Amino acid sequence: MARAIWTGVITFGLVSVPVGLFTATEDHTVHFHQLQRGTSDRIRNRRVNERTGEEVDGGDIVKGFEVGEGEYVVVEPEELDEIAPGRSRTLEITDFVDLDRIAPVYFGRTYYVAPRGKEYLKVYDLLRAALAETDKAGVATFVMRGRQYLTALRAEDRVLVLQTLHWADEVRDPVRELPELPSGRAGRGKELDMALRLVDALSGPWEPDRYRDTYQDKVRELVRAKAEGEQVAVAQEAPRATNVVDLMDVLQSSLDRAKDTGGRRPPAKARSSTGKQSSAQRRKVTAPSREAPPKRSELRELSKAELYERATEQDIAGRSRMSRDQLIDALTGAGDRRKKTTAA
């Protein structure tokens, strides 16, 4: 069971409900230790006195704000707690706004909000239902871990969700910050018409389970392969920028490809609970068909790592130095050679 990272009271009008805040997401990033090159010695970070070089205990560290060269105003942790609104335990809704009026750039982290006891379920669900019926978000501020947050409280099925928001002065103006932006909207020409058709062909429902952090998968595979002394396929090169002269041809090719694949890429391969494919699944992905050579359209649906595995199965020379397109060419060539050999 998850533990609340913050507890307090949500208030709207004169109504209040005690709640707890729970992290809604988790990090699956592969974490590495720092080592000194050539050794297995861990590198540690220590807090040391800049003048004496001696390590300082955490209880002897205070916050200091520099007001002049070498001059600081010292602030104790309890002093910050004393000035926090509501002693850091109140989340007061001051406004209700249309949820779709909050620009995505303002959203930060996501938390689940739960009532702190069965006796508060009715008031909690009353607020959730009101937000759901009106499709509005409650704008509120609260203090957590020495920092004040602007937040939007919104309703999902059975649960209230709290989104931290960036303050207005934290959001940059793209017109001022970015070096190049279009001066006007695209014309209603053939390019836009074809781009709209491509968007329509690739459109579908939001299915979050279809997507995986493939980079973290490759990091884990790199670690596993290095531990077992195996070779790992390098990543494919980034695509070249589309030349404006070739734009119509590229759009048409993209549209044709979307039609060939039914508009959507197939969902990610099923994996075991450990995140690794089973041996049977690997054989299904990597084993070349003995009845017919692979089609180029089928190979294009595979990742470079999967193409490399097929090339390894067929013992294609120079595969470790090939790009994704070269691997596809080599595999289709190997399939053609295998077909000719069978015919002979």
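Which residues do ring pairs link into a cluster? The cluster is made of Trp6, Phe142 and Tyr149, where rings of Phe, Tyr and Trp (its six-membered ring) pair if their centres lie within 6.5 Å, with planes under 30 degrees apart counting as stacked, over 60 as edge-to-face and the rest as tilted.

Before going on, please note that this is a predicted model, in which local features need pLDDT of at least 70 and side-chain atom pairs count only at pLDDT 80 or more, while totals for chains, interfaces and linings use all residues. Residues are numbered from 1 along each chain as its sequence is written, and side-chain values use heavy atoms, with hydrogens and water left out.

Searching the whole structure gives three aromatic pairs. In one of them, the ring centres of Trp6 and Phe142 are 4.9 Å apart with the planes at 70°, so this pair is edge-to-face. Trp6 and Phe142 are both buried, buried meaning under 20% relative accessible area, exposed over 50%, and partly exposed in between (1.4 Å probe, protein chains only). Turning to Trp206 and Tyr211, their ring centres are 5.7 Å apart and their planes at 20°, so that pair is stacked; Trp206 is exposed, at a relative accessible area of 67%.
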